[in-house]
Amino acid sequence: MKKNNISGEGDRTSFFKLFVENDFRIVIPMLQREYAQGREAVKEIRIEFLKALYNYLDEGVPGRDLDFIYGNVSDNAFIPLDGQQRLTTLFLLHWYLSRITPDSSLRQRFDEALLDESRQHCRFTYKTRVSSGEFCDALMLHDLNFQSPTPPSQLTTLDSRFSTPQKIIADKNWFHLSWKRDPTIMSMLNMLDAIHSLFHDRADFLPKLLDLKSPVITFMFMELDRYHLSDELYIKMNSRGKPLTDFENFKARYSEYIGEELRKSGKSVCRNRLLSGGTSLSLPLDKYFAERIDSAWTNMIWAYRNDGDTDSSLDCGQMCDYRMANLISALLSLKYIERHPQVKGETDPAFVLLVNQSGREMLSFITLRDGDALSLDSTEFLIDAMDRLAASGGKPQSSLSPDFRHCFPLHSLMEKILFAPRDLNYNDRVMLYACLGYLLKYGNDDGINQWMRVVYNLSNADNNRIDSASEVSSAIRNIHRMLDYAPSILQHLAEGNPIEGFPTWLVEEERIKASIILRDNGDKWLKEILEAERHGYFNGQIGFLLEFSGIWEFYKNENGADWTDDADVDYFAKFVKYSKDAQAVFANSYEDRVNDAGYRFERAVLFKGDYLPSNNQHYNLLSTATSRNNVKRDFSWKRHLRLDKDEEATERRGFVKAVFDDPAFDASQPNESLKAVFAGKSTGSQWRDCLIKHPSAIGYCEQGFISFFWGIEGREGCEGILPMRSSRLSGYHCELYTWGLCCELENSPTEPFDEIGYAEQKVNDELPYMYFDGYRVDRRNHFIAIYAETDPDKDWSLKRFRLEFTQEGSPKKSELLDRLNDILIAEGFEQSADNTRIKYITDSAQLKSYLPHLFTKLQQLLKG
């Protein structure tokens, strides 16, 4: 037996030398945990470690250390207390390379060193489970052919079942199915697949591992008993009782990476850490990061420990780790988007990781590093932004004055980031970038108030929804350019300097408001502008008030707000008047419909004119706040009131102004006065009058859509105005005039019919209709269907109603039925089909007068 040559204070050795020169067996003891580097959950750590080994072997420089490996030796068995994971991976790497090498002498040399004297057992084994040791034996005893394996990148779906070590091994008859329940074995198989993917064509690495004089991969070996060190001391040294969390690993690797990047760049980047007594200590960026993330930044996150949803499966420390990761992700995303103008959205792994944090997902160091999300520039931004947020020692405090804090709701934004990061939309990120960018560039001065007011108005989701990676990239890059003149943003706007990346109508509105605020009496104007902008429905978009007041027209003509003092009094009074009118109608949030009972605002505006916008297929009543099919975004009063220079849009906004200007309208009593605008009056347009008279037809349009349907070529009588439950005619819809008629008749006597009802349709080749059903003569049921025929060429006015009297079932002859037929002929019903007779009536008044007469005749028939 060979002599144990290990001596001194930690000796450099290699995996192979432990077996050849020291004649050790390596026994993983029962107290150790399962082999973990092959688990699916630690794929990143596995790949990173294998890449490091690959690079060491590729460079071929001897003595590349894997740090200390501690343990005891008993009966020539080395029992590691630390290093189990590294030793197991080295065993698998040696074994794999010995199976793909074309040099049989190298393979034989490895096998002789790793097999015991009986040639039946592997000298690297596990005691944690019997099956783990048996698996190590099986690997060494069976002749597996891994020579010239198919490279992983070339595997096909067909041959991939048998082309990886895991699949080949699991397919062998000596592989016990029960081994699949051994987590160490399954981790080993996963590791072998990872080794195969990286080392499949590098059999030349094996000699570098088996070299006894100058091995490339080494470690420092320390036998605890020899140095009189106890297991207890080791546990304290290695913190085995509390393994590093995923986030602690991320912090450590990120800090190390910062140091590496500093060394590569040759830069000396430092930050000052304040000490007691007012002194400061300058620390390199990597050291500063490591110190701050475990102190001031953690204190900030800790302040939220009792907020948000709690997860009983996580302790406070784990919860704080996730929330810190969420905040780091949000901040890094801002710089990443700024630095990558052509960000590819869902196909960009780093972007997806940063933007789509679930809140229960740890950051991937490799993905961020390889995706260029951790540059020194990004890291400096992250550190400075975190310091700014943590400056108060607890929860971040707003830098904005109270009147402007609605422009950057810091606390709700932080709650999104920490507790529900997937709710953090692109618009939120733009505003977060704008605020932090200002603070880091200029500090906390008064200019941030107007800066954030303008940014909020330009980029909040209600005014300018940002939906894609390219849009958020454009917005952030334009904010980045605007930061150069952020403290004087009002002057920049008023002077007409370019503002790119935002809708022109929004920029136009901000230019006008800037010009007004910069007037000598701008403070007076600012107070009223802020009040209107803070309104829950307007959210900064108040251009229509500038238009209604006459200010927009002056600005377009004079390119500014340099009007006379007398004109100022007039403009100011009108602005305040229309602001109060609009705030009354739209209440705090128009979605709540607080001051619009029975769609009175829509009906009042419709009384003034046809305001309905179109999507080139159907029209919309702007009567709902639903988000389905982007209705809220594309068809709302908010969008309707934009400063659009299009003539039709301008005319439609004018109808709103006409309501506010109507003598009957009173902002102090919006519901009652809106009704007074239209009650008992006619527009001269039948379809508008019908909608105004029957608000249930507006309510029927769940998404606000109504179709002016021109019918189908070759089919007469299917034209009509069709209120729609959805956004398509393939969904249920009614017909306006018959719906209104049904509403007027629903409480009228129906005898001799059993019921009155309405038949919606889901097809467009037959019009909906109202009906009377349940008139029975000689055991045959009869019903009347009433259709409306419209004239599209005459403003979709009602041409006539068509009454269809139908007998259900097969035709039947009887005395009563003949008498019924005589009544219908006498009433002017003409035969249309075997069981149907038709009569036309020109308008609803005539029809409502005629139906009682007809019903009386039909009732008399039943009474004999």
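**Salt bridges and their surroundings**

Modeller: Arg725 has a relative accessible area of 28% and is therefore partly exposed (buried is under 20%, exposed over 50%, and partly exposed in between, with a 1.4 Å probe and protein chains only). This is a predicted model, in which local features need pLDDT of at least 70 and side-chain atom pairs count only at pLDDT 80 or more, while totals for chains, interfaces and linings use all residues. Residues are numbered from 1 along each chain as its sequence is written, and side-chain values use heavy atoms, without hydrogens and water.

Arg725 is joined to Glu702 by a salt bridge, with 3.4 Å between the closest N and O atoms (a side-chain nitrogen of Lys or Arg within 4 Å of a carboxyl oxygen of Asp or Glu). Because Arg725 lies in the loop between β11 (720-723) and α34 (736-745), and Glu702 in the loop between α33 (695-700) and β10 (705-709), the pair ties together parts 23 residues apart in sequence. Here helices (H or I, at least four residues) and strands (E, at least two) are DSSP runs numbered from the N terminus. Glu702 is also partly exposed, at 43% relative accessibility.

Arg123 and Asp23 meet through their side chains at 2.7 Å, N to O. They link distant parts of the chain, 100 residues apart. Arg123 is buried at 9% relative accessibility, and Asp23 is buried at 18%.

Salt bridges also form a network linking Arg453, Glu509, Glu510, Lys513 and Glu533. By the stated rule, the count is 50 salt bridges.
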